[in-house]
Amino acid sequence: MRAALGVAVVLAALAAGALLAGGRVLVVADPLPSHADAIVILAGSVPDRTLEAVDLYRAGVAPRVVVTRERLPRGQAALRARGVRLPEGDELTVTTLRALGVPPGAIVVLRRRGNSTESEARTIARWACARRLRQLIVVTSRAHSRRARLILRQALGAGIVLTMRPSRYDAFAPARWWHVRRDAKIILSEYEKLANYWLTESWGIAPCGGLRRSGG
């Protein structure tokens with residue numbers, strides 16, 4: 001009986017530890033450099049990611065802010081066919097950047113649309129490698145930061161230093177994620193996508209997004 005009780009206590013402790021660590025494992029933040037070539041905002045949650053990017057831009061760590069584009073949501077094409085055009089995420093991001101004081105000349109929008117973090121990373125890597133950039137700061141949401149860093153480091157290759165910056169304005173609570181239904185869904189989704197990265201995606205991600213980078 002005592003042995004069974006001891007096993008139950010150990011299992012309960014392990015389960016509690018997994019709950020506590022499950023959210024924190026997903027959040028990574030690299031030390032900020034004194035200077036970078038660009039601040040890149042990954043497509044997704046506009047308010048928290050844009051606010052973080054604006055703070056970094058105002059701090060003078062990079063001279064430009066790069067905005068990526070998502071695949072059009074379902075139904076958008078049908079709406080446009082009827083003359084209704086809803087603003088896209090990149091358009092909202094650019095509008096927010098300008099409203100918060102980032103000059104238009106410092107904003108770069110990458111035209112190719114992404115349908116996943118992997119395809120988005122490929123677009124970013126091809127843009128950065130083609131311009132022979134050396135250092136990028138990438139802003140995303142907290143729970144997305146570890147997976148994004150894994151994918152982007154592989155896509156950028158050894159020639160570009162990546163600094164991952166999870167937004168301080170993101171409401172995700174890594175230590176109490178099971179108390180919030182939205183956060184619990186995010187946790188499950190991120191671990192599923194991490195498994196997909198390790199099992200399939202990681203094998204097909206080429207440095208520089210597959211773009212051959214010239215030497216010199």
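Predicted model: local features only at pLDDT ≥ 70, side-chain atom pairs only at ≥ 80, totals over all residues.

Q: Where is arginine 85 found?

A: Arginine 85 lies in the loop between α3 (76-81) and α4.

Q: Which residues is it in contact with, leaving aside its neighbours within four places in sequence?

A: Arginine 85 is then in contact with Arg80 and Glu91. With glutamate 91 there is a polar contact between the two side chains, at 2.8 Å.

Q: What about glutamate 88, is it buried or exposed?

A: Glutamate 88 has 5% relative accessibility, and the cut-off for buried is under 20%, so glutamate 88 counts as buried. Its place is also in the loop between α3 and α4.

Q: And what does glutamate 88 touch?

A: Not counting residues up to four places away in sequence, glutamate 88 touches Arg69, Glu70, Leu72, Arg80 and Arg113.

Q: Changing topic to helix α2: what should its 13 residues span?

A: Helix α2 covers residues 46-58, and at 1.5 Å a residue it should span 18 Å. The C-alpha atoms at its ends are 18 Å apart, which agrees with that expectation.

Q: Which residues of α2 are buried?

A: The buried residues are Val46, Asp48, Arg49, Thr50, Glu52, Ala53, Val54, Leu56 and Tyr57.

Q: What covers them?

A: The cover includes β1, β2 (65-70), α4 (89-99), β4 and β5.

Q: Which residue follows α2, and what is its phi?

A: Glycine 60 follows α2, and the phi of glycine 60 is positive, near 80°.

Q: Now the largest nonpolar core. Which of its residues touch the most other members?

A: Among the 26 residues of that core, they are Trp127, Leu136 and Leu152.

Q: Which elements each supply at least two residues of this core?

A: Those elements are β1 (38-41), α5 (117-130), β4 (135-140), α6 (145-156) and β5 (161-166). The largest share, six residues, comes from α5.

Q: What is leucine 152 in contact with, again leaving aside neighbours within four places in sequence?

A: Leucine 152 is in contact with Leu42, Ala121, Ile124, Val138, Leu162 and Met164.

Q: How many residues are in the second, separate core?

A: That core has 18 residues, including Ala36, Ile39, Val61 and Ala62.

Definitions and conventions: Residues numbered from 1 in each chain as written. Heavy atoms only, no water. Core = buried A, V, L, I, M, F, W, Y, C linked by side-chain atoms within 4.5 Å. Buried < 20%, exposed > 50% of the residue type's maximum accessible area, 1.4 Å probe, protein only. Helix = DSSP H or I, 4+ residues; strand = E, 2+ residues; numbered from the N terminus. Contact = heavy atoms within 4.5 Å. Expected span 1.5 Å × (residues − 1). Polar contact = N/O pair within 3.5 Å; in protein donor to acceptor, adjacent residues only side chain to side chain.
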